[in-house]
Amino acid sequence: MSEEQKDKETKLERTNDTSEPKPEQSVQPDVAVEQPAAEEARAGSVPAADAPASVESDKPKRAPLTEEEKAARVKAAAEARAVRAKASAEGGTEAPADKPARIRDKAEGDPADADKPERPARAPRAKANEEPPQPKEPSPKQPILDRLVALLKADVAEDAVEDAVINYENDHLPTVTIKNEHWLSCAHLLRRHADWSCDYLRNLSGVDQETHLEVVYHMINLSTKAEVAVHVKADREAPSVASVTPIWPTADWNEREAYDLLGIQFTGHPDLRRIMMPDDWVGHPLRKDYESLDSEV
């Protein structure tokens, strides 16, 4: 073999050595990258990709109350309401002991202030060029309200309407207060009478007026756009109002909500039960005399 052929074979071997990567060099960088990630995943700093996600909440589930627990909560709420009513009748609630002394002294009456003469109340300043309030202009819907009142008195009962006003802030909405015992008859009239035919009950809500509870209805005739609002009062101790779900099916869940949160019974409702609070909940949270006795509230 000549020297030239030997040189060519040597160069060819060197070229093949440099073009073929060694297995150790191609695998080693990947191992160096994966090893810290695996160690961090085991340490807890980086979650592993295939680690199963926890679907159970750490919050304990609320156990249903027993009859004894419900009775105890009802009694405690009644006692708390009685204490609050007594404090209110005696001239205000007492300042809590954990409040600063100056606040307690003000609530209880500081003896050092007994000798100080009372400062007379300052009369309100009259605004310059203040004009006396102008009487409201008659509402364009006053004739509609007058005809409605006359219709209810003629077709239901002379004493069916307790009050009738125009709600100026709500687009001059005719608003009537119906006596509780006449409400169902008035509801049938508003639904079926040719002059009204209110075929859609757009809203029903309960209100705590402190002296009594109240149910407010807003209804409309979708063809003529005639609207009316109705208020029905209920006794605070045993609130009960006739259900209008058989007349307007949209009242179903709204009546259940008023029952749940205010305790208003809707006689004639097909399925009157709580809709927001648990079935064993004690009390009605939207009443102003409600006493919260549950740790979750």
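Helices (H or I, at least four residues) and strands (E, at least two) are taken here as DSSP runs, numbered from the N terminus. On that basis the protein chain has 7 helices and 7 strands, and from the N terminus on the elements run α-α-α-α-α-β-β-α-β-β-β-β-α-β. The model is a predicted one, with local features needing pLDDT of at least 70 and side-chain atom pairs counting only at pLDDT 80 or more, while totals for chains, interfaces and linings use all residues. Residues are numbered from 1 along each chain as its sequence is written, and side-chain values use heavy atoms, with hydrogens and water left out.

Of the 297 residues in the protein chain, 25% are buried (under 20% relative accessible area, with exposed over 50% and partly exposed in between; 1.4 Å probe, protein chains only). The accessible surface comes to about 21,600 Å², and carbon and sulfur atoms account for 51% of that (Shrake-Rupley method, 1.4 Å probe). As for contacts (heavy atoms within 4.5 Å), 52% of those between residues at least 6 apart in sequence join residues at least 24 apart.

Next, the aromatic rings. Rings of Phe, Tyr and Trp (its six-membered ring) pair if their centres lie within 6.5 Å, with planes under 30 degrees apart called stacked, over 60 edge-to-face and the rest tilted. The count comes to 1 aromatic pair. That pair is Trp 183 with Tyr 217, tilted at 35 degrees between the planes and 4.5 Å centre to centre. It ties together distant parts of the chain, 34 residues apart: Trp 183 sits in helix α6 (residues 183-192) and Tyr 217 in strand β4 (residues 213-220). Trp 183 counts as buried because its relative accessibility is 0%, and Tyr 217 is buried at 0% too.

Then there are the pockets (open sets of points on a 1 Å grid over the protein atoms alone, where a 1.4 Å probe fits, with protein on both sides within 12 Å along at least five of seven lines; lining residues have an atom within 4 Å of a point). The largest pocket has a volume of about 420 Å³. It is lined by 21 residues, and Arg 81, Val 282, Gly 283, His 284 and Arg 287 are the closest to its centre. Helix α3 (residues 67-89) gives the most to this lining, with 4 residues.

Finally, Thr 245 lies in the loop between β6 (240-242) and α7 (251-262). Thr 245 is buried, since its relative accessible area is 9%. Beyond its neighbours within four places in sequence, Thr 245 contacts Ala 251, Asp 252, Glu 255, His 269 and Pro 270. The C-alpha atoms of Thr 245 and Glu 255 are 8.1 Å apart.

Conventions: Points joined across faces, edges and corners; volume = space filled by probe spheres on them.
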